[in-house]
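Me: I am new to this structure and would like to learn how to read the place where two chains meet. Could we go through it step by step?

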Amino acid sequence: MSYHSRVDRRWATRRAANPEYEPYHPKWHRKRVPIFWWLERPAYTKFITRELTSLAVGYAAVLLMVQVWVMARGPGAYERFLAILASPAIVTFHAVVFLFLLFHSVTWLNLAPQALVVRLGGRRVADRVVLAGHYVAWLVATAVVAAYLLWGVP
Amino acid sequence: MWALFSSGGMLAALVLPALTFVLWFGIPLGWIAAPSYEALVAEIGHPVAKLVLLGVVTLSLFHWGHRFRYTLYDGLQLSHLYGMIATVCYGGAATLSLLAAWVLWTFP
């Protein structure tokens, strides 16, 4: 039997014996936090912006799949999709999404030295080196993706 | 879940800016000499490219699911909706991942 059902049964027996019986309910002291707490300080706002980058990441994943799906419908559908992508409203929206994606990349890679301790020959590799390694990886990945999209496999 | 979140975060950090820059701005706005429709279909249709895309998309979706879940808990103080939010976030990521697998599988 669980702790809670045992306590409930004990209260029930006591209440049956004495209707006045009230179990002791402490009232926890909790400060009410306003719903916009994250606007109070720049550091909080930065934190919540970083958290919201996940929306941009999810959106990018979905739109990439939509684009692949549209391409499967033939060149006409693809042309129309490109026209939509080039409309000013969508370009503006995508510029914002793109900034969020960049913010995700930068904040994510900046945390890498804290998340990953690299040891070489029994000694810890300095944080700056791990950080630089991640930025080099970003550069290489960007170059590979762009080159593949633009020229394919030579 | 944390492993999916962190590998998704890393992959998204490394490749999403490049992918989206080329596909959302470079090609539609004519900033770069865009590959033809046939060339792009061949590039995306390559089995290795499909596999990489599936990995990027699936892990990005789970990255979103995991992080957004905690954004809702903390940012909007919705911790009392614990079960529902988790179901919507992870369920959404799983459903969209299956759709992505189908889109890539049926791609010419």
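Reply: Let us begin with one pair: R67(B) forms a salt bridge with E51(A), and their closest N and O atoms are 3.6 Å apart. A salt bridge here is a side-chain nitrogen of Lys or Arg within 4 Å of a carboxyl oxygen of Asp or Glu. This is a predicted model, in which local features need pLDDT of at least 70 and side-chain atom pairs count only at pLDDT 80 or more, while totals for chains, interfaces and linings use all residues. Residues are numbered from 1 along each chain as its sequence is written, chains are lettered from A and ligands numbered from 1 in the order in which they are written, and side-chain values use heavy atoms, with hydrogens and water left out.

Me: How many salt bridges are counted between chain B and chain A?

Reply: The count is one salt bridge between chain B and chain A.

Me: How much area do chain B and chain A bury between them?

Reply: The size of an interface is often given as the accessible area lost when the parts come together. Here chain B and chain A bury about 4800 Å² between them, with 77% of it on carbon and sulfur atoms, where buried area is the accessible area (1.4 Å probe) that two parts lose on being put together, summed over both. W24(B), Y37(B) and R67(B) supply 17% of the area that chain B buries against chain A, more than any other three residues.

Me: How many residues does each chain bring to the contact?

Reply: Contact means heavy atoms within 4.5 Å, and it takes 51 residues from chain B and 56 residues from chain A.
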